[in-house]
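Dear colleague,

Please find below the structure that I am handing over to you.

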Amino acid sequence: MPESRIRRKTAYTPPTTRSARKRSSPRWVVPVMLVFFVLGVIWLSAYYISGGDAWLISALGGWNLAIGFGFILVGFALSTQWR
């Protein structure tokens, strides 16, 4: 019975990849993110503690909730940029 030919394979060479560069966020992202979180919490706390009678807080009325939660939402938006 005839024998089949032996196939000679070349050594496996993996495909060339681009240099895996570690992507990192700019240095300002974390401090600004934390400032917005803290500012939102302080704004909401001041609104509730003062009962809405403080100088600037009384002028804004119910918009204080939107402002406080807006600061917190900006903090969350910045947290998506943190790597």
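This is a predicted model: local features need pLDDT of at least 70, side-chain atom pairs count only at pLDDT 80 or more; totals for chains, interfaces and linings use all residues.

Ser79 counts as partly exposed because its relative accessibility is 25%; here buried means under 20% relative accessible area, exposed over 50%, and partly exposed in between, with a 1.4 Å probe and protein chains only. Ser79 is found in helix H3; helices (H or I, at least four residues) are DSSP runs, numbered from the N terminus. The C-alpha atoms of Ser79 and Gly62 are separated by 27 Å, and the two residues are 17 residues apart along the chain.

Residues are numbered from 1 along each chain as its sequence is written, and side-chain values use heavy atoms, with hydrogens and water left out.

Helix H3

H3 has 17 residues, and 24 Å lie between its first C-alpha and its last, close to the 24 Å expected at 1.5 Å a residue; the expected span is 1.5 Å times one less than the number of residues. Asn64, Gly68, Ile72, Gly75 and Leu78 are buried in H3. They cover an arc of only 120° around the axis, which puts them on the same side of H3; the arc is that of the directions from the helix axis to the C-beta atoms. These buried residues of H3 pack against H1 and H2. The face of H3 turned away from its buried side carries the exposed residues Trp63 and Leu73.

Leu65, also placed in H3, is partly exposed, with a relative accessible area of 30%. Leaving aside its neighbours within four places in sequence, Leu65 is in contact (heavy atoms within 4.5 Å) with Leu44, Tyr47 and Tyr48. From C-alpha to C-alpha, Leu65 and Ser24 are 33 Å apart in space, and they are 41 residues apart in sequence.

Helix H1

The 22 residues of helix H1 (residues 29-50) should span 32 Å at 1.5 Å a residue, and its end C-alpha atoms are 31 Å apart, which agrees. Which residues of H1 are buried? They are Val29, Met33, Gly40, Leu44 and Tyr47. Seen down the axis of H1, these buried residues fall within an arc of 70°, so they line one face of the helix.

What covers the buried residues of H1 includes helix H2 (55-60) and helix H3 (63-79). On the face of H1 turned away from its buried side are the exposed residues Val35, Ile42 and Ile49. Ser45, placed in H1, counts as partly exposed at 32% relative accessibility. Its C-alpha atom and that of Gly68 are separated by 8.9 Å, although Ser45 and Gly68 are 23 residues apart along the chain. Just after H1, Gly51 takes a positive phi of about 75°.

How H1 and H3 pack

H1 and H3 pack at an angle of about 160°, with their axes 8 Å apart. That makes H1 roughly antiparallel to H3. Axes are lines fitted to C-alpha atoms, for helices over the stretch in contact, and angles run from 0 to 180 degrees between N-to-C directions. Angles under 35 degrees count as roughly parallel, over 145 as roughly antiparallel, 65 to 115 as roughly perpendicular and the rest as oblique. H1 passes H3 in a left-handed crossing, a term used if the near helix is turned anticlockwise from the far one by less than a right angle. The residues of H1 that meet H3 include Val29, Phe36, Phe37, Trp43 and Tyr48. On the side of H3, the residues met include Asn64, Ile67, Phe69, Phe71 and Phe76.

Two further residues

Ser25 lies in the segment before H1. At 16% relative accessibility, Ser25 counts as buried. Apart from its neighbours within four places in sequence, Ser25 is in contact with Gln81, Trp82 and Arg83. Ala59, whose place is in helix H2, is exposed, with a relative accessible area of 64%. Ala59 and Trp82 are 23 residues apart in sequence and 35 Å apart in space, C-alpha to C-alpha.

Yours sincerely

Note on methods: Helices (H or I, at least four residues) and strands (E, at least two) are DSSP runs, numbered from the N terminus.
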